[in-house]
Amino acid sequence: MIEMKNVTKTFKIHKKNSGLVSSIKSFVKREYETVNALNDISFHIDEGEMVGYIGPNGAGKSTSIKIMSGILYPDSGNCIINGKVPWKDRKIYVKDIGVVFGQRSQLWWDIAVSDSYDLLKQIYKIPDKEFKETLKMMTDMIDIEELLKMPTRQLSLGQRMRCEIVASLLHSPKILFLDEPTIGLDAVSKIAVRDFINKINKERKTTVILTTHDTQDIEALTNRIILIGKGKLLLDGNLNKLKEEFEVKNGLKDITTEQLVVGLYKEYKI
Ligand SMILES: Nc1ncnc2c1ncn2[C@@H]1O[C@H](COP(=O)(O)OP(=O)(O)OP(=O)(O)O)[C@@H](O)[C@H]1O
């Protein structure tokens, strides 16, 4: 379903030096440096899997999600998802995916959530009956009925996130990319969002790729984790097995996911 093969992505950024003279010099003569955001990343994800894509700040998670969702294209390597190349087949590919970036909104700020949903219905050309059924099912599942008439700008972060995830699923995509979906949410909202994602994965067999810094998200949602650091893929495996291996290697017992993640970051010096 998702095949990433030797994907490499660099960004060219303007080099900024400190100090007034250096700043003036760099203004006159621009110097650039290269950031290796992704370095030879390969993995395979099957239909219906739910995968935690983890790594510290700047590891390359969002860049990977942007490539897989067709927003960016790699310098080299390939990515085939559901038989399509995301950045080349964008027009048809967008129907296959839902994307939620925790820090950004896909809802129109000043209009009612239900009006945003209607606009998405038009954009994705969702048939009337299918739209109504999906919306009904989801509003029941995640309890947003009362939020539908409110403009997005009046929603709390937790309320908005629930509406965002529903928005990303209205066209029944096969794959859902979630980039830090619980960031900034209180404990109750986090649980509501996690429950909803679990239900969607189970009931609709939606493949979910989740990036998060919240180890409770990982525990609640995924069996498999892919760890990247400094743009490189470092580990790919079953969460419980990785815990067991880590315990044996370090003479520990019953470690939490947080201890595993912190331990792995130390081990790989990332
Ligand atoms: N548009 C861009 N221009 C220049 N550099 C970028 C750009 N986007 C990302 N980078 C760089 O690429 C690297 C990977 O960034 P990315 O956002 O993918 O990391 P991340 O794992 O999502 O981090 P975080 O957990 O902090 O969100 C970083 O060094 C970042 O500064």
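**Helix packing, a buried threonine and the ligand shell**

The crossing of α6 and α7 is right-handed. This is a predicted model. The two helices, α6 (residues 157-169) and α7, pack at about 15 degrees, and their axes lie 9 Å apart. Angles under 35 degrees count as roughly parallel, so α6 is roughly parallel to α7.

Now look at the side of each helix that makes the contact. From α6 come Gly-158, Met-161, Arg-162, Ile-165 and Leu-169. They meet Ser-189, Ala-192, Val-193, Phe-196 and Ile-200 in α7. By class, this contact has seven nonpolar residues, two polar and one charged.

Follow the chain on from α7 (187-204). The loop between α7 and β7 (207-211) holds Thr-206. Is Thr-206 buried or exposed? A residue with 20 or more other C-beta atoms within 10 Å is buried. Thr-206 has 21, so Thr-206 is buried. Leaving aside residues up to four places away in sequence, Thr-206 touches Pro-173, Lys-174, Ile-175, Leu-176, Ile-200 and Asn-201. Ile-200 also belongs to the α7 side of the helix contact.

Next, the ligand. Thr-206 is 33 Å from Val-35, C-alpha to C-alpha, and 171 residues from Val-35 in sequence. Val-35 is one of the residues around the ligand. The largest share, three residues, comes from α2. By class, the shell divides into five nonpolar residues, six polar and one charged.

Methods:
Residues numbered from 1 in each chain as written. Predicted model: local features only at pLDDT ≥ 70, side-chain atom pairs only at ≥ 80, totals over all residues. Helix = DSSP H or I, 4+ residues; strand = E, 2+ residues; numbered from the N terminus. Buried ≥ 20, exposed ≤ 12 C-beta atoms within 10 Å, placed from the backbone. Contact = placed C-beta atoms within 7 Å. Near = placed C-beta within 6 Å. Nonpolar A, V, L, I, M, F, W, Y, C, P; charged D, E, K, R; others polar. Axes fitted to C-alpha atoms, helices over the stretch in contact; angles between N-to-C directions. Parallel < 35°, antiparallel > 145°, perpendicular 65-115°, else oblique. Left-handed = near helix turned anticlockwise from the far one by under 90°.
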